[in-house]
Amino acid sequence: MELDWLLAPPLPDAVPRQRLLYRRLREAILSGRLPPGTRLPASRSLAASLGIARNTVLFAYEQLAAEGCLDAGRQGTCVARLPVRTAVLFGDAAAFGPRQLSARAADMLGSLPAREAEALPFSLGVHDYGAFPFRAWRACLERAWREVNWRQLGYARDGGDPALREALAGHLTSVRGLPVDAGQVVVTSGAQAALDLCARLLADQGETVWVENPGYIAARAAFGLAGLRVYDVAVDAEGLAPTERDWHEHRPRLVMATPSHQYPTGRVMSLARRLDLIARAQQAGAWIVEDDYDSEFRRGGPAPPALFGLRPDAPVVYLGTFSKTLYPGLRLGYAVLPRHVAADFARAAAMATRAGQGVEQRALADFILRGHYAAHLRRMRARYATRQEALRTALVAAFGERVELSGGEAGLHLVLWLPDAVPDVEAARRAAALGLGVRALSGFARPPLACNGLVLGYGNLEESTVAEAVGRLVAAVDGWRTGLAVG
């Protein structure tokens, strides 16, 4: 049998001959070029014809025999009769067409913006990494590693490390006034993982979830990929604003809300709206998923009360994360649940995710208990307030007193509202060409809602660079700035 083609050019660089021979034999078998029952030459004969060492052939034959592609016996080495038509499954991809993601995944990807390769002026979700308390955090990590045992190196316990759950319960009770104990806290791999768990554990496929419009695009993705029917509810000056028609014709199983600092408009939900949402959710048999987004960086007084805990029987799951308060690569967040469902949620979450990061969880508990976390939040709250004030001053100086801004009550971004004559998508495109990371507000909205503005992150914007960055922003919207709406 002529098998010279097995090592015919082109030969990939840095690929050992034994691996190359194995791969080409395997491809020939799976594609049907070497049909079942084909007797292959003896290892010595094939090695001589190809001009290679016999051990090279033996390696390929033995590996393929171990995978079931070859039968090696007294009568020689033959191509095995595989239980399926490998020529169809592996060799004729056109028979099935190109493989695609599911329709839900494709729809989700179509709505997600491209990620920026680097943090630019006005980029969203980027905070001041240079102010991170490296020394204190490193000391906590070192202590955690010195005290590590098999529990920290294995999968996390149901609900997360007990020390971290206890520390979080204490922090939330003292800082946010939540009546919560450690058993109600479930540690997750960030806020997105918590959303995914809520979508899968609190609702069944096909049930309806309400999301804010405009709103957090990644939340839509989590709910859509879980098979829920996503329904958009408009946001007004007081936050999520469902109508009577929404409640009657699109009854929800889940309601997603960011009441402390609505993303992306920055609106804060009024107390009356909070109480009404809880009462209506109870009547509808719905869960409220409360993302307490940016409450840590509140301006002008304490943060408004969370939905969780406003009423003792409120059907609310409270979500938090350390992505902006510490750093996103930590991949730790948490969910706080009512007592009657917390233990079951923790067990189900453990089966669904098999979380780890035991050392980091123990270090974070230490970091919180030693007061480093609260001190860091105080420092960053003051720093971000100064940056926002510098940005506001520069925007007013550039666009005039008529400029309309929103979102300043908390968080790390502002919304610069634009008149209809200034398409925000075009302005954002022009800003990107000038090296700015602004986002078009309309990109967070779903039809038929129309909104027009630019979302400006300032977490990584040094005061000394604000004026120059705003100058580039002016250039991006130049020609329309005199038409900005009255604030």
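Reader: Where do I start with two packed helices? Are α9 and α13 roughly parallel or roughly perpendicular to each other?

Author: Two packed helices are described by the angle between their axes and the distance between those axes. Here α9 and α13 are roughly perpendicular to each other. Angles of 65 to 115 degrees get that label; under 35 counts as roughly parallel, over 145 as roughly antiparallel, and the rest as oblique. Helix α9 (residues 191-201) packs on α13 at about 110°, and the axes lie 11 Å apart. Axes are lines fitted to C-alpha atoms, for helices over the stretch in contact, and angles run from 0 to 180 degrees between N-to-C directions.

Reader: Which residues make the contact?

Author: α9 supplies L197, C198, R200 and L201. α13 supplies F345, A348, A349, A352 and T353. Contact means heavy atoms within 4.5 Å.

Reader: What kind of model is this?

Author: This is a predicted model: local features need pLDDT of at least 70, side-chain atom pairs count only at pLDDT 80 or more, and totals for chains, interfaces and linings use all residues. Residues are numbered from 1 along each chain as its sequence is written, and side-chain values use heavy atoms, with hydrogens and water left out.

Reader: How many helices and strands are there?

Author: The protein has 17 helices and 15 strands. Helices (H or I, at least four residues) and strands (E, at least two) are DSSP runs, numbered from the N terminus. Of its 487 residues, 49% count as buried. Buried means under 20% relative accessible area, exposed over 50%, partly exposed in between (1.4 Å probe, protein chains only). Among contacts with a separation of 6 or more, 73% join residues 24 or more positions apart.

Reader: Next, sheets. What is the strand order in the sheet of 8 strands?

Author: Strands of a sheet pair through backbone hydrogen bonds, either parallel or antiparallel. This sheet is open, runs β4-β11-β10-β9-β8-β5-β6-β7, and has mixed pairing. Two strands pair if DSSP finds at least two bridges between them. β4 (185-188) and β7 (239-240) stand at the edges with a single partner strand each, so one side of each is left without a neighbour in the sheet. Helix α8 (residues 162-175) packs on the sheet, touching β4, β10 and β11, with its direction at about 115° to that of β4. Helix α13 (residues 339-353) lies across β4 and β9 (287-291), at about 25° to β4.

Reader: What covers the buried residues of α8?

Author: The cover includes β4, β10, β11, α14 (358-369) and α15 (372-399). Buried in α8 are L164, R165, A167, L168, A169, H171 and L172.

Reader: In the sheet of 4 strands, what is the order?

Author: It is open and antiparallel, in the order β12-β13-β15-β14. The edge strands, β12 (405-406) and β14 (439-440), each pair on one side only. α15 packs on the sheet and touches β12, β13 and β15; its direction makes about 15° with that of β13. Strands β13 (residues 413-417) and β15 (residues 453-457) pair over 5 bridges. L414 stands opposite L456 in β15.

Reader: Which residues of β13 are buried on each side?

Author: In a regular strand the side chains alternate between the two faces of the sheet. In β13, H413, V415 and W417 are buried on one side, L414 and L416 on the other. β12 and β13 form a hairpin with 6 residues between them, and G407 in the turn has a positive phi of about 95°.
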